[in-house]
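Here are my notes on this model, for reading beside the structure. Please check each point against the view below.

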Amino acid sequence: MSGKFVKQAVDGLHTTMSAGLQAQLTIVELAEGLSAGDLTPPVAYIKAEAPLDNTSPLIQIYATAGAHADAAEQRNSIMSVMCMVVLSYSSGVNLVAAEEFIMRYTWAMSEVIYNDPTLGGIGSAYLEAVSHAADEGDSSTTRHLSALTIRVDVHSP
């Protein structure tokens with residue numbers, strides 16, 4: 001996987017997500033009848049996979065794979081880079097409230113991609129899948145993850 005393609009894809013997702021997520025969180029709050037700020041803004045947006053970082057909520061953006069679809073794409077410097085945009089959230093004991101938080105946040109993150117599928121003009125982003133997981137920490141916290149798998153087709157002349 002060529003570094004220049006990966007950098008373009010991750011940088012584009014990072015810029016787009018950090019610029020657009022807060023507005024989408026506000027829209028989801030209004031749509032769901034929540035109070036302003038109920039969907040806490042991310043503490044950070046990082047361009048790395050950080051499985052041991054307990055910062056919450058945290059947005060992690062990183063690449064997992066990349067490939068040229070065929071010889072023509074390789075000749076034309078086009079690569080599909082598979083990326084993850086992951087929300088990491090630590091909750092207390094109310095798991096129902098945490099699940100609602102995660103689902104609403106995932107909705108907002110998806111809308112950021114739907115609203116700017118070119119990632120500011122760097123390529124084409126396609127939401128491929130959404131997955132969720134939870135893991136119990138100590139007796140008072142649960143760490144929740146919501147992962148968007150996004151294929152980013154980039155051109156790097």
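Helices (H or I, at least four residues) and strands (E, at least two) are DSSP runs, numbered from the N terminus. The model is predicted: local features need pLDDT of at least 70, side-chain atom pairs count only at pLDDT 80 or more, and totals for chains, interfaces and linings use all residues. Residues are numbered from 1 along each chain as its sequence is written, and side-chain values use heavy atoms, with hydrogens and water left out.

1. Start with a peptide bond. Ser56 and Pro57 are joined in cis, with omega at about -15°. Pro57 sits in the loop between β1 (44–46) and β2.

2. Next, a helix pair. Helix α1 (residues 3–31) packs with helix α3 (residues 95–115) at an angle of about 125°, and their axes are 7 Å apart. Axes are lines fitted to C-alpha atoms, for helices over the stretch in contact, and angles run from 0 to 180 degrees between N-to-C directions. The two helices, α1 and α3, are therefore oblique to each other. Angles under 35 degrees count as roughly parallel, over 145 as roughly antiparallel, 65 to 115 as roughly perpendicular and the rest as oblique.

3. Which residues make the contact of α1 with α3? Contact means heavy atoms within 4.5 Å. On α1 they include Leu13, Met17, Leu21 and Gln24; on α3, they include Tyr105, Trp107, Ala108 and Glu111.

4. Gln24 deserves a look. Gln24 lies in helix α1. Is Gln24 buried or exposed? Its relative accessibility is 10%, so Gln24 counts as buried. Buried means under 20% relative accessible area, exposed over 50%, partly exposed in between (1.4 Å probe, protein chains only). Beyond neighbours within four places in sequence, Gln24 contacts Ala108, Glu111, Val112 and Asn115.

5. Now the core. The largest nonpolar core has 32 residues, of which Leu13, Met17, Leu21, Ile59 and Val152 touch the most other members. Such a core is a set of buried Ala, Val, Leu, Ile, Met, Phe, Trp, Tyr and Cys residues joined through side-chain atoms within 4.5 Å. Two or more residues each come from α1, β2 (58–67), β3 (78–91), α3 and β5 (142–155). The largest share, 9 residues, is from α1.

6. Leu13 links several parts of the chain. Setting aside neighbours within four places in sequence, Leu13 is in contact with Ile61, Cys83, Val85, Ile113, Leu119, Ile150 and Val152.

7. Last, Leu119. Its phi is positive, about 50°, although Leu119 is not a glycine. Leu119 lies in the loop between α3 and β4 (123–136). Leu119 is buried, at a relative accessible area of 3%.
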